[in-house]
Amino acid sequence: MQERHSLRGEAITKELLRPLTQTPMVFWIAVIILGGVLSAFAFAVGWMFYWGLGTTGLNTPIFWGFMITNFVFWIGISHAGVMISAILRLTQAEWRRPVTRAAEVMTIFSLMTAMLFPFLHTGRPWRTVYWVFPYDFERGVWPDPRGPLVWDPAAVFTYLTGSTLFLYTTLIPDMALLRDRSTGWRKTLYTILALGWRGNERQWKLQLVAGILLSALILPVFVSVHSIVSWDFAVSLIPVWHASIFAPYFVIGAVHSGVSAVITLMALMRWLFGFHNYLREEHFDAIGRLLVVVATGWIWFFLLDIIFAMFTRDPRELEVMYMRIFEWPYAMLLAFVFVFAYIIPVPVWMFRKYRRNIKVMFWTSLMVNVGMWAERYWLILPGLERKFEFTFMWSWYRPSIVELTLVFGSFALVTFLLLMFSKIFPPVAVWEEKEGVNFAQDIQVGKRTVHATIREE
Amino acid sequence: MRRRDFLKLLAVSTTGAVLFTGCKLGGYAETEFQKQSPVDHPADIPFGRDNWYATALPAVGGGIGVIVRIFEGRAKKIEGNPDFPLNTGKSGPRAQAIVQEVYHPDRIEGPMRRNGGGFERISWSDAITEVAGLVSNATSPMLVTEPVSGAIARVAGEFAELAGAEHVVYEPDEFVVLRQAMQAVFGTERFPMLDLANAGSIVSFGADFLHNWISPVQFSVGYGEFRQGADRERGTYLHVSPRLSDSAASADHWYPNSPGTEGMIALAVANAMIEEGVVSEERASEVYSGVTLGDYAPSAVAEATGLSEDQIREIARELGQNTPSIAIAGGSAAAHTNGLFNLAAVFALNYLTESVNTEGGLLLNTGSPDTEVLPNRIGGSSYSDWDGYIESMIAGDVDLLMVHRANPAFGMPSASRISEALDQVSTVVSFSSFMDETTSQADLILPDHTTLEQWGLDVPDPAPGFQLVSVQQPVVEPFVGTRQFGDVLMAIAEEAGSSLTWSSMQSAVQEMGMSLASVGRGLPDATEEREFFLEMQTQGGWWDEESTAGDAPSAPEEMPSPAEPQFTGDESEYDFYLLPFVTNSWEYGETANLPWLQGLPDPITTAVWTSWVELNPNTADDLGVALGDLVRVESPSGSIEVPVYVNPAAPPNVAAIPIGQGHTGYTRYAEDRGANPIEIVAAQTESGTGALAWAATRVRIEPLNERVRFPRFERQLPFQIEENPIVKVTREA
Amino acid sequence: MSVRWGMVIDLDRCTGCQACVVACQAENNIPINTEDIFHQRRAIEWIRVERYWEGEYPNVKARYIPIPCMHCAQAPCESVCPVYATYQTTQGINMQIYNRCIGTRYCAVNCPWHVRFFNYWEPRWPDSLHHQLNPNVTVRSRGVMEKCTFCIQRIIRTEQAASADGREVEDGEFTTACAQACPTDAIVFGNLANSESRVAQMAADTDRGYQLLDTLGTDPAVLYLKKIDPDASEQAESH
Ligand SMILES: Nc1nc2c(c(=O)[nH]1)N[C@H]1C(S)=C(S)[C@@H](COP(=O)(O)OP(=O)(O)OC[C@H]3O[C@@H](n4cnc5c(=O)[nH]c(N)nc54)[C@H](O)[C@@H]3O)O[C@H]1N2
Ligand code: SF4
Ligand code: SF4
Ligand code: SF4
Ligand code: SF4
Ligand code: SF4
């Protein structure tokens, strides 16, 4: 069953490259708005660097707040890329084709944004070189590998490197395509990036193998990254943070929010670039089905985490859990997380009708991420507010305008980078689409006609 | 014997080498003891090393001895002087903060003359000439000082005599009552020493003796031993007061009483002691002559006092059986219309338990070794006397008022009209180092050195049960262009054509100090005068451990007759007792100018940089107020606005407000912070002494429906969780 | 002689006077805690006196406890610092290298005792108050973590003096600023590894000793002696 009329190669090329050449009004409006938010972001960063972290709402003992929450959130988003690309590529899920590029790019931009935050949130960012780079050979003072703050950058850098290579591998054929169709600075750029791609069989083979290899290699990294991010909390002594379930819990939460973000992005691309022929309802349908599974897995861990805390019967743990679940504002936040990240979207996704409704998918996926941001906050902050039995020091946290700006700015930053990317690189992989078309056959399975690609290998 | 060993132990425990100038530097004949400044003592500089110099803080903790760490001519750190018997190497929060006085950014940097609404700087010679002229022409000048003793008391006294000025001392009224109570009960004006280290129990009626009352450092040192000293049973401490004070929190039991009933409770305790056979009826009536003790059976007074019969008996049992025992009274107990009776009735209990001048009891002090050379601390005038002075000021009868280190404009209620009085005096000359309320009404300011820049000989009150004199020497050069009060008085006298006995405070102190050598006892034991003084300076003073008070009187000379407390403000209209209290950080307001102390959490409320009214949680609920809600506290003579602190230990009918904040000036750190409860105290006096009864006013509380951010150290939840409590307790170890 | 610096704090002696707090501020150049700083809940007190309430009026108790850094032998703050800015000295002190600290604040997050303090602002003193600063102690800039050092400058100074004389540091030869100021002698500082020292003997002799959060297994070098309260409940007794 084909859900679009057959397209020929040239039509695909033309349509998919259109965003590179045509700039609709809405693009400029978006650029102006995002530019505004980004200037505020830059100003907030400058302000914070100049005056110090006093400009935040952090205090003693709430030493971590919005910036760390945001870091965890963006790391989560970055899991979409690999989830969609690598896993689906390895399992040869055909519907992945139009989605992979956007997902991978989002991985990279959200990773970069995420990494900005630990750096920004240090007391003296200009000194952070030796946090990660053991530059000081003379005195033999190296970073301390015992703590997760060193594992973190290691994992994230590896993931970033891997994802970048992965993206690049899939970009090469398109670069060659663009090289052959452009002039001026673009031609120079694409020529360099195409790495002399000629499209001969050997090159295709290498590209295919590299893609598969990278997919396979990056999978463990993908699992490790959010596990390690979760250990920032889990290896500490803080009640409710100190939980062995955190790693898988964080990973699945990350997939939940990351894949939802891909839906949001797909919907936007469809509207912005008019890719109705590529980002089709069937794709939303497929991802929607996947999300039902992921979201349910996530809610299971979510509940397990609470149950495990009660299981310990440790008053310190229970104290925080109690606050989280029953006390203002965390009770409210919990309800919010539940409703936004599960109770509304999942039942909606159960219906094929809604899964194929782009608007519904757009809004539900957006809700999930609002909910998931809140979930990170809900996970991180209460532990700091009621740290052990020093009720004398129990404190609370209100983010300052600077932190709010930084968080909104991070969303603007990722969006802005994606927009810019779409001006230079095709947001949907042209060669993959063509490959899909070229190798596709409709095969009969029972009563259904299934659109499938059969490779000779 | 034991204390000396203790001293030795502490002596080695000070940081590194404790070097005292006196013996270290030789060959600078005239400046021998004086200078540590880089200018005069290059030897002090090039090594970048510190030195420790001994001096004293007459105004802190009853006059403790300290050593000060000096590094390149700057005072860095204060520690207790380990040799000095009063505080044996220990100090307190206020003593620690005194370095900030020296380097305070708002010190008055030199003499000033009023110029319209502000002040203009003038030279010292102009200032002195001007004051000399005023003194020569004044017909009825007045000299107001803090309670001075020793060298400065003599200098000021001689100056006052020469100038024909009346020397009036201003001090918090609580101590006026205490001095008279001491006189009535023990026949001495000197404050008592509490031999806590050897005591079995202590009952305090309102005296916050561990943090504020007369000699807190000394008492705290004893208290440590009292609780956990080696080779002794742990002492028991009971506290009776209408507010859970900082000290009361350390008590084994705190019994909240109805304000002003301390004396009545004491009589009931005496009654119970007779019942229990602790003391015979004859002896008791000898001590409480003129009082029918039989009328004060615990059962009869329990209700009026707010204590239960059992609690009264418990106090009697503790005092009577857990001997040696000590009973003291102070704070708000003194500040009622029956304050003198309250204090006297309580202190007299010590006779019943035979604790007067016995080991572990209440030790009487004899004061100065030679009052001719070094006068005892001069007590303050009562509020009634001040009323008289204020009358005459307002009538224009005082043409020159000279004020040194006294701030009546802050310490007296507005009902006293002190501010108006100061306006009416033709010239007010202030010698204050800081722009306090009184100084800001002055016409001329001749700023004094701060404590660490001064010379002085002080007779601490209370002494540690034997005679003691402390030496104050300048440990740093004056940081700004101030001059020492004594020196300025001498210069003024000279300018006015009649010089004082001494040419400078330094020579006065040296001369008086050296003449102590002729006392012929105590330490130092050098006989040569110069050597004697040098050693005295090095060890921080002179003392004679043998010079105890000897025989105590056998019974009070006169027992004030029992009286009920009277309150201003009708109960139906004013439903709370106003209870001003002295705080750990700001005392009576003197130290509110130091940022470390402003930022030091109040032990009970953890409040900082502000003032507040403490309300019982239920009362607060009834009023519909919570932490930080502004309320108007209104008495018959005025009102103030303060935020609420809901205090779980506040009695339901008491509104306690700290004294010490509410300055309208007194440097950037104190200005416009909180409110001063004394302002709204009614002009009602203690019946026997004429002292201000600052705890005898009733108030009403009116919520203002406005919430302010309440600055405090504790974050949000004022409780301790039951599982794994942070402070663990055990019954008896 | 092996050295492990430690403290015994007797809660039965402590009266909550906070002399220790001011003494530490004076000795260690701790920034002035302004009213705003308290509002922001960022006050720095290397040693603080906490007050806990128990019971209801009139049977209400207020209890004080001074809390400096515990100088844990297995310090959870140390292993999470990515740059070794906080580490354990050979004498059992949890030390802070201000120059090295980048201000991640993880150490403070992971210190269960709330005794690490972050410089959210550049500390400022009015010009004249600079003269009071202790030249032996670094003034910390904004963005770095700071904490009780057991008055390391006093330790070093005494050790140098002793080694110049060719002898060992004697017990009680010096003490920390908080212990020295404490009028009730509630704080005793010394070498726990020297069985002759006052702290070691107090720790060995007492049956009132307890450590804060001992179940975490960090081996604090600060031992508390329980407060004695004749009204203590059976339940409290069992703790
Ligand atoms: N024998 C010998 N002599 C030498 C040298 C050598 O190697 N051997 N080296 C030479 C060289 S290169 C130099 S640079 C000189 C150095 O000679 P100096 O400049 O004399 O150096 P220091 O003794 O290191 O420090 C001087 C003083 O400054 C104090 N100080 C520290 N911080 C402060 C501060 O903030 N304010 C103030 N006011 N004082 C502070 C220190 O405590 C110390 O007492 O010595 C020279 N002389
Ligand atoms: S008490 Fe806190 S700061 Fe001190 S060593 Fe232990 S974990 Fe580290
Ligand atoms: S704040 Fe400083 S000391 Fe603490 S973990 Fe970060 S770098 Fe280390
Ligand atoms: S100055 Fe301090 S921080 Fe820098 S290398 Fe030396 S010891 Fe380390
Ligand atoms: S040991 Fe020193 S640094 Fe630590 S709290 Fe005491 S005074 Fe402060
Ligand atoms: S100085 Fe001593 S008595 Fe005062 S609060 Fe500190 S530990 Fe307690």
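How many salt bridges are counted between chain C and chain B? The count is seven, a salt bridge being a side-chain nitrogen of Lys or Arg within 4 Å of a carboxyl oxygen of Asp or Glu. The legends below describe a predicted model, in which local features need pLDDT of at least 70 and side-chain atom pairs count only at pLDDT 80 or more, whereas totals for chains, interfaces and linings use all residues. Residues are numbered from 1 along each chain as its sequence is written, chains are lettered from A and ligands numbered from 1 in the order in which they are written, and side-chain values use heavy atoms, with hydrogens and water left out.

**View 1. The interface of chain C and chain B.** The contact, defined by heavy atoms within 4.5 Å, takes 81 residues from chain C and 93 residues from chain B. The size of an interface is often given as the accessible area lost when the parts come together. Here the buried area (accessible area for a 1.4 Å probe that two parts lose on being put together, summed over both) is about 7,600 Å², and carbon and sulfur atoms give 57% of it. On the side of chain C, Trp53(C), Tyr57(C) and Gln180(C) supply 10% of the area that this chain buries against chain B, more than any other three residues. One salt bridge joins the side chains of Arg673(B) and Glu35(C), at 2.5 Å from N to O.

**View 2. The cis peptide bond at Pro58(C).** The peptide bond from Tyr57(C) to Pro58(C) is cis, with omega near 0 degrees. Pro58(C) lies in the loop between β2 (48-54) and β3 (61-67) of chain C; helices (H or I, at least four residues) and strands (E, at least two) are DSSP runs, numbered from the N terminus.

**View 3. The interface of chain A and chain B.** This contact takes 14 residues from chain A and 12 residues from chain B. Together the two chains bury about 1,200 Å², with 63% of it on carbon and sulfur atoms. Glu389(A), Thr391(A) and Phe392(A) supply 46% of the area that chain A buries against chain B, more than any other three residues. Across the interface of chain A and chain B, zero salt bridges are found.

View 4. A residue is taken as near a molecule if one of its heavy atoms lies within 4 Å of it. Of the 13 residues around ligand 2, those that come nearest are Cys69(C), Met70(C), Cys72(C), Cys77(C) and Cys111(C). The shell around ligand 2 has nine nonpolar, two polar and two charged residues, where Ala, Val, Leu, Ile, Met, Phe, Trp, Tyr, Cys and Pro count as nonpolar, Asp, Glu, Lys and Arg as charged, and the others, Gly among them, as polar. The residues around ligand 3 include Cys81(C), Pro82(C), Gln96(C), Cys101(C), Arg105(C), Cys107(C) and Met145(C), and the shell has eight nonpolar, three polar and one charged residues.

**View 5. A four-stranded parallel sheet of chain B.** The strands of this open sheet have the order β11-β10-β9-β12, with parallel pairing; two strands pair if DSSP finds at least two bridges between them. Because β11 (253-255) and β12 (325-329) of chain B stand at the edges with a single partner strand each, one side of each is left without a neighbour in the sheet. Neighbouring strands are turned by 15 degrees against each other on average, direction ignored, with axes that are lines fitted to C-alpha atoms, for helices over the stretch in contact, and angles that run from 0 to 180 degrees between N-to-C directions. Strand β9 (residues 201-205) and strand β10 (residues 236-240) of chain B run parallel and are joined by five bridges, and Ser204(B) stands opposite His239(B) in β10(B). Helix α8 (residues 216-228) of chain B packs on the sheet, where α8 touches β9 and β10 and its direction makes about 120 degrees with that of β10(B).

**View 6. A three-stranded antiparallel sheet of chain B.** This open sheet has the order β1-β2-β3, with antiparallel pairing. The edge strands, β1 (50-57) and β3 (74-80) of chain B, each pair on one side only, and the twist averages 30 degrees from one strand to the next. Eight bridges pair β1(B) with strand β2 (residues 64-71) of chain B, in which Ile67(B) is the bridge partner of Ala54(B).
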